[in-house]
Protein chains: 2
Amino acid sequence: MKLSLTDYISITIHQTDLKLTSCVKAMLAPFNLAPEQNLIMMLLWEKDGLTQNEIAEKLDKDKTNITRMLASLEQKGFIKRSMSSNDRRFLHVYLTEEGNKLGDKIIPITESFHRSVVSGITDKELQEVNRILLKIRQNVK
Amino acid sequence: MKLSLTDYISITIHQTDLKLTSCVKAMLAPFNLAPEQNLIMMLLWEKDGLTQNEIAEKLDKDKTNITRMLASLEQKGFIKRSMSSNDRRFLHVYLTEEGNKLGDKIIPITESFHRSVVSGITDKELQEVNRILLKIRQNVK
DNA sequence: TTCAAATAGTTGTTATAACAACTATTTATA
DNA sequence: TATAAATAGTTGTTATAACAACTATTTGAA
């Protein structure tokens with residue numbers, strides 16, 4: 001029996017992601033921060049000094065895109081990149097004063113967004129969804 | 001308690017989507033078809049003659065992107081656009097012979113991909129994930 | 001009936017993604 | 001030690017997305 005668009009779980013996932021990303025984009029726009037740039041900032045707010053490659057690995061992204069996003073974040077004044085003195089191939093990424101302050105404003109907003117996303121969904125259901133999404137990722141590895 | 005990256009269900013969804021899209025892209029590349037272009041083609045294989053706006057609504061996408069994707073599909077020879085004689089604002093989209101033939105090759109491939117994506121996941125689990133993803137979309141509407 | 005509003009589609013801009021091809025630097029090995 | 005291989009990062013290209021601003025056409029309302 002031929003499948004229709006709504007039968008494909010990958011399409012449902014894709015459209016859910018688009019909707020979420022669109023909301024996050026609007027939410028972060030006043031702070032001059034794009035959604036993927038925010039992911040990098042979230043990593044750095046936890047711990048900065050990471051190299052570009054480390055950021056790429058942690059976010060499971062192509063390093064070419066990390067280069068460009070960091071260039072943008074640096075241009076906006078949220079981060080600084082400095083070459084490692086041990087090995088001049090490495091660029092370590094540090095938060096600026098402004099980048100640090102941004103976290104105090106953004107983190108409460110993203111956590112509040114998360115609460116609205118999962119509203120009416122139990123922890124058990126969330127765990128189940130997490131488990132199945134992981135399974136899906138493994139299936140197409 | 002501060003959330004870490006893996007606590008955000010929206011990030012998990014996003015990364016799952018990226019992985020899936022990346023696979024689909026590689027799968028369709030030999031056919032000169034991009035993933036989102038394929039979504040349009042899937043609609044048309046079900047029923048062609050839709051207007052651009054109808055396609056945008058069905059796929060829940062911005063009509064500007066539909067314009068560009070259709071321009072690309074037309075340039076590749078898979079579709080034709082023809083102005084409605086009743087109302088010259090409407091462009092109806094039709095499959096070409098080549099576009100039709102493409103379906104016979106692609107549909108079995110996407111269905112086989114779907115089976116590999118959901119392998120080891122029960123119908124009940126899939127329904128549950130679908131239900132919760134829908135709930136999430138409604139939460140951020 | 002005429003002009004404003006609504007509708008369908010297009011174009012320009014910015015931000016991702018993925019891939020190929022590239023430079024610079026370091027490491028490993030013959 | 002000289003050079004090939006490995007590693008970190010950059011640049012160019014194509015395909016989405018979202019939004020603003022635009023044109024062309026049709027509808028609606030004074």
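Helices (H or I, at least four residues) and strands (E, at least two) are DSSP runs, numbered from the N terminus.

This is a predicted model: local features need pLDDT of at least 70, side-chain atom pairs count only at pLDDT 80 or more, and totals for chains, interfaces and linings use all residues. Residues are numbered from 1 along each chain as its sequence is written, chains are lettered from A and ligands numbered from 1 in the order in which they are written, and side-chain values use heavy atoms, without hydrogens and water.

**View 1. Fold of chain A.** Chain A has six helices and three strands. Their order from the N terminus is α-α-β-α-α-β-β-α-α. Along the principal axes, the C-alpha atoms of chain A fill a box of roughly 60 × 30 × 25 Å.

**View 2. Residues around DNA strand D.** Near means that a heavy atom of the residue lies within 4 Å of the strand. There are 28 residues around DNA strand D, and N53(A), K63(A), R68(A), E36(B) and Q37(B) come nearest. Of the atoms of DNA strand D within 4 Å of the protein, 63% belong to sugar and phosphate.

**View 3. Polar contacts to DNA strand D.** A polar contact is a pair of N or O atoms within 3.5 Å; within protein, one must be able to donate a hydrogen and the other to accept it, and residues adjacent in sequence count only if both atoms are side-chain atoms. A polar side-chain atom of T64(B) lies 2.9 Å from a base nitrogen of DNA strand D. K25(A) places a polar side-chain atom 3.5 Å from a sugar or linking oxygen of DNA strand D.
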